[in-house]
Amino acid sequence: MKYITLMTALLFALTSCQTNKEIIPAKPSDQVYNKEKSKGLQEGSIDVFKMTVRSEEPNKNVIISPLSIQYAFGMAANGASGETKEQILKLMGSNAGTLGDINNNLKAIQDKISGQDKDYSVSVSNGIFYDGSKFRISDTYEKVVKDMYRVSIKKLDFNKVDQSVKTINDWVSANTQQRITKVLDNINQEEFMFLINTLYMKAGWDKPFVPEMTHDSKFTTSTKVEKEVPMMSQRGNIASYTTDDESAIVMPMSNGRLEALFIMPNKTDIYNYVSSITASKIDRMYNEAKVGDIQISLPKVEMKMHYDLKNILQKMGITDPFNERAKFETMGTASGKIVLTRAMHDVFMKVDEKGMEGAAVTTIGVGTTSMPPSIYFDRPYMMVVRDRATGTYLFMGKIEDPTK
């Protein structure tokens with residue numbers, strides 16, 4: 001069985017300056033999950049998604065994993081102080097609580113969403129790779145990232161650049177099931193450490209699409225260009241939410257553990273629609289969608305994305321970590337001031353009849369012979385994949401052109 005598999009890797013370097021089925025029970029966690037503060041993380045997810053969309057060309061596809069970004073920068077925040085730490089915490093949302101609250105919630109979320117069976121696989125991995133001849137890691141920092149982020153720490157000799165790059169890329173590849181195989185080409189002279197998060201997801205639709213029902217159909221982009229795309233179709237009892245502003249469907253996956261929300265604006269273009277989206281609006285669509293006989297059509301998608309997050313974060317006011325005002329002394333000691341040198345984000349996503357690779361959402365509808373209402377995703381749309389138990393947004397996307 002094929003699935004859609006969603007995954008991301010986020011990396012940044014430090015340097016010295018010079019549904020109907022029963023929900024699968026979540027894994028027990030030694031951390032107390034705070035649902036209200038988790039809503040802060042969701043708000044932070046939307047903020048970084050909006051800024052990523054605004055930073056790209058209006059007609060570009062955008063897919064990110066806000067959760068992966070939050071894990072990686074959560075590790076960085078634990079080594080920061082003062083304004084540097086406060087700026088990094090903007091990625092977590094204004095209502096996510098203290099750094100201690102964020103650490104606790106991210107650890108609890110990792111326990112709750114991680115798991116594997118024949119239709120479901122989600123894993124979160126955190127890694128630190130550093131050159132011990134250039135940097136001494138603080139005992140306090142090492143303890144907190146090991147305890148709260150279950151980080152794997154490895155010393156390397158960065159003078160052996162090719163060997164170090166291969167070690168890091170091999171770790172990323174193994175933890176994303178070979179969907180992302182390279183995040184580094186080289187290591188700059190001033191870099192002594194990399195903090196990396198990988199998030200891997202593989203899930204099947206609760207009700208798969210029938211491949212024989214897939215057909216080529218027109219998709220009109222924001223620039224009014226018509227493209228022929230393979231369009232999956234099905235009819236059945238599907239949860240939908242329709243207003244004057246948008247048409248949306250909720251597609252359950254993985255025996256009720258995950259659910260994908262596909263949103264198509266009715267009054268404005270997708271670019272402006274994304275700028276107005278909020279966590280409460282997304283929750284309302286998930287919660288108020290009504291199950292009924294409906295015909296849907298959804299494009300098949302397969303994409304790889306790469307983002308340089310540094311520019312995006314600076315537009316969000318996260319500037320100090322990348323300049324002389326950075327305060328990372330609690331992380332450890334180096335020959336000069338510690339700053340972040342780069343921040344990158346890589347994403348793979350595939351959506352087909354079986355699910356999403358990483359995650360595949362498939363819904364097969366069976367109904368009466370009368371034609372039901374239909375939602376035909378033949379123009380740009382937004383998507384969200386969340387964990388039902390925690391409300392966490394694993395992936396968010398804006399699809400402008402399914403053929404790219």
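Predicted model: local features only at pLDDT ≥ 70, side-chain atom pairs only at ≥ 80, totals over all residues.
Local features are taken only where pLDDT is at least 70 and side-chain atom pairs only at pLDDT 80 or more, whereas totals for chains, interfaces and linings use all residues. Residues are numbered from 1 along each chain as its sequence is written, and side-chain values use heavy atoms, with hydrogens and water left out.

**Stop 1: α2 and α4**

Select residues 66-77, helix α2, and residues 99-113, helix α4. Helices (H or I, at least four residues) and strands (E, at least two) are DSSP runs numbered from the N terminus. The two helices pack at an angle of about 140°, and their axes are 11 Å apart. Axes are lines fitted to C-alpha atoms, for helices over the stretch in contact, and angles run from 0 to 180 degrees between N-to-C directions. The angle makes α2 oblique to α4; angles under 35 degrees count as roughly parallel, over 145 as roughly antiparallel, 65 to 115 as roughly perpendicular and the rest as oblique.

Now display the side chains of L67, Q70, Y71 and A77 in α2, together with L99, L106, I109, Q110 and I113 in α4, which form the contact (heavy atoms within 4.5 Å). This contact comprises seven nonpolar, two polar and no charged residues. Ala, Val, Leu, Ile, Met, Phe, Trp, Tyr, Cys and Pro count as nonpolar, Asp, Glu, Lys and Arg as charged, and the others, Gly among them, as polar.

**Stop 2: α4 and α5**

On the α4 side, select N103, N104, L106, K107 and Q110; they meet V144, D147, M148 and Y149 of α5. The contact divides into four nonpolar, three polar and two charged residues.

**Stop 3: the lining of the largest cavity**

Select S38, L41, Q42, S45, L67, Q70, T392 and Y393, which line the largest cavity. On a 1 Å grid over the protein atoms alone, a cavity is a set of points where a 1.4 Å probe fits but cannot get out, and lining residues have an atom within 4 Å of a point. Helix α1 (35-55) gives the most to this lining, with four residues. By class, the lining has three nonpolar, five polar and no charged residues.

**Stop 4: E228**

Finally, select E228 in strand β9, residues 226-242. Not counting residues up to four places away in sequence, E228 touches D216, S217, K218 and T403. The C-alpha atoms of E228 and D216 are separated by 5.9 Å, with the two residues 12 residues apart along the chain.

Notes:
1 Å grid on protein atoms, 1.4 Å probe; cavity = no way out; pocket = protein on both sides within 12 Å on 5 of 7 lines; lining within 4 Å.
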